[in-house]
Amino acid sequence: MFRQLFGRNPDSFSSSEEASVNRLADAYCQLLIDGGRVNTKSEAGFCACSHFLEKLDVSATALRLDPAPRTYRVSFTINYRALFPDEARNYRVDVLEASVEQYAVIWVNGDKFEFSAEAMRRAEALQRTWAELGSFLDRWHQSTNQPRLASRPVRSEIRTVLAALDVAWASFEHKYITELIDIEEKARRLIVQAIDCERRLQSMEASHGGGEALQQLPEYRQELTKLVGCIAHLNSVANFRRKGRDDLTVDVFIDAMKTLTRCNEEEKNGENKELLAAARSLSTDVLDSFTEMRVYLREVERCLERVDPHLCNNAGLVSKLVEWEESWEVGKNYVQHENLLNGICDVVAQIRGAVQIAPGLATMCEDCDVELFMVLPRILWLRCLEKPSSVLGLFKGLLPHRFAGATTKYLEDSWPCDPDLAALREKYRCAMAALNASEQGVSGQGGAWRLLITRIVSGAGSSDLRESYSSLPLAYRKSAEHAVEDFMHDLEAMSIELQRHLPEDWNTCSAILVQCLTGSKQKTQPGPFRV
């Protein structure tokens with residue numbers, strides 16, 4: 001009768017309210033505590049905390065508490081509005097975690113960013129109300145299990161502490177997310193700067209057209225230099241799959257363009273296309289990878305909000321940077337060094353000539369057969385022994401301890417004083433002399449060269465080699481075969497050294513040779529745009 005006249009006691013719970021607080025207290029007991037703090041790092045800790053926050057929201061609703069105002073969320077970026085779509089409480093583990101850890105400094109893309117003192121103050125305020133709620137829930141749990149030792153909090157106390165927590169939570173969330181958005185915007189500035197440079201280049205190209213005249217404009221060259229610098233900076237920050245080099249300059253691009261121009265001019269003047277194929281392929285890769293980066297920047301400008309501020313987390317960006325660094329590193333190491341580029345061009349032309357003698361080599365190249373990478377160093381050595389000046393630059397880079405003091409003139413006149421190289425060349429001369437001993441057997445040096453190529457590609461026991469040996473006059477056959485096999489024994493040892501002395505440099509060189517021979521390079525497969 002009295003309850004009907006005067007209404008319900010404000011400090012008593014309805015059955016549904018009591019049940020919700022019971023579930024909240026149970027969820028609190030299930031939280032994983034590590035060093036006095038809620039553990040949210042482990043999967044089990046995260047799940048327990050998420051479950052508790054869900055029960056916290058349910059209890060506040062059951063106790064008829066209005067959420068603290070959250071109108072500030074309308075100013076969030078689209079990414080954060082997806083996480084906080086309305087003004088509901090929407091308690092999130094990551095917000096609680098930020099208030100627990102209270103990191104005043106974070107590092108993004110190698111840059112240091114600081115949260116304000118006000119953000120730290122609000123984090124502390126949230127932790128105080130969190131601790132206060134924990135005390136009330138501990139009392140609630142003890143009063144249920146041991147009523148003599150603890151008195152259960154009344155309804156008004158629970159409502160007050162939940163309301164205080166919600167206000168502190170909203171206050172911290174507002175400040176933290178707002179500052180986080182500002183930090184993320186600053187962290188994206190590297191890609192925004194690159195987009196701005198690319199847009200200015202587009203504008204100049206639209207106004208002046210393409211061609212050499214545009215390349216000579218100082219203002220165009222300046223913007224080109226800026227854009228390459230932006231890409232190099234992005235590469236150093238985001239390209240975790242390779243070296244992240246930031247020393248690849250606009251000179252690589254300019255020299256690649258000059259090389260292509262020279263190739264076009266020499267082809268018009270009748271130069272063999274085979275001798276220019278490698279230079280054209282490597283230079284084209286430099287230009288193509290730069291174009292791909294520009295296309296990426298144009299596309300990503302339309303969806304900047306999707307760019308992860310930790311730039312290394314953007315798979316599309318990283319894949320473009322990987323291709324850019326690979327191509328430009330080759331450009332820096334080969335296209336910009338004429339002696340190395342000429343050596344690559346010469347070796348590629350020789351290998352393509354060898355394909356005509358030993359067709360099995362073409363299949364090796366197409367399939368990237370493991371045997372190909374045993375054959376390549378042998379052909380390089382054979383070319384070095386025949387005409388050392390054509391590949392001196394390559395060998396000085398791959399075997400510097402053997403060719404350090406060698407010059408083109410010196411190599412043409414005599415062989416370096418390295419005893420192993422001198423012995424190898426002597427055996428080469430003996431093999432060539434034995435093969436050329438009979439004009440009826442092998443017609444001149446061309447025939448001797450064909451037999452050596454057959455031996456290098458097909459192997460010692462192949463039918464092609466047996467047929468080549470059988471074509472020699474019987475009187476010379478045994479001595480010629482012995483000389484060739486003696487030479488091949490030493491050649492094999494030197495080929496292994498070529499591969500192993502500087503393995504990374506050799507792998508790069510062999511990859512370039514295969515790329516130039518097949519006209520293909522592993523690139524990102526076309527598909528939907530990836531940020």
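Helices here are DSSP runs of H or I with at least four residues, numbered from the N terminus. This is a predicted model: local features need pLDDT of at least 70, side-chain atom pairs count only at pLDDT 80 or more, and totals for chains, interfaces and linings use all residues. Residues are numbered from 1 along each chain as its sequence is written, and side-chain values use heavy atoms, leaving out hydrogens and water.

**View 1. Helix α24 and the glycine that follows.** Just after α24, Gly519 adopts a positive phi of about 70 degrees. Gly519 counts as exposed because its relative accessibility is 63% (exposed is over 50%, buried under 20%, partly exposed in between, with a 1.4 Å probe and protein chains only). Helix α24 itself covers residues 503–518. Its 16 residues reach 22 Å from first C-alpha to last, close to the expected 22 Å (1.5 Å times one less than the number of residues). Buried residues of α24 include Trp506, Cys509, Leu513 and Cys516.

**View 2. Helix α12 against α24.** The axes of α12 (residues 273–300) and α24 come within 9 Å and cross at roughly 105 degrees. Axes are lines fitted to C-alpha atoms, for helices over the stretch in contact, and angles run from 0 to 180 degrees between N-to-C directions. The pair is therefore roughly perpendicular (65 to 115 degrees; under 35 is roughly parallel, over 145 roughly antiparallel, the rest oblique). Ala278, Ser281, Leu282 and Asp285 of α12 contact Ile512, Gln515 and Cys516 of α24 (heavy atoms within 4.5 Å). By class, this contact has four nonpolar, two polar and one charged residues. Ala, Val, Leu, Ile, Met, Phe, Trp, Tyr, Cys and Pro count as nonpolar, Asp, Glu, Lys and Arg as charged, and the others, Gly among them, as polar.

**View 3. Helices α8 and α10.** The axes of α8 (residues 189–208) and α10 (residues 218–238) come within 9 Å, crossing at roughly 155 degrees. The two helices are therefore roughly antiparallel. Residues of α8 in the contact include Leu190, Cys197, Leu201 and Met204. On α10, Tyr220, Leu227, His233 and Val237 are among the partners. The contact of α8 with α10 has twelve nonpolar, two polar and six charged residues.

**View 4. Helix α11 and its cover.** Helix α11 (residues 250–268) has 19 residues and reaches 28 Å, close to the 27 Å expected. Among its buried residues are Val252, Phe253, Ala256 and Leu260. The cover over the buried residues of α11 includes α9, α10, α12, α13 and α14. Just after α11, Gly270 has a positive phi of about 95 degrees.
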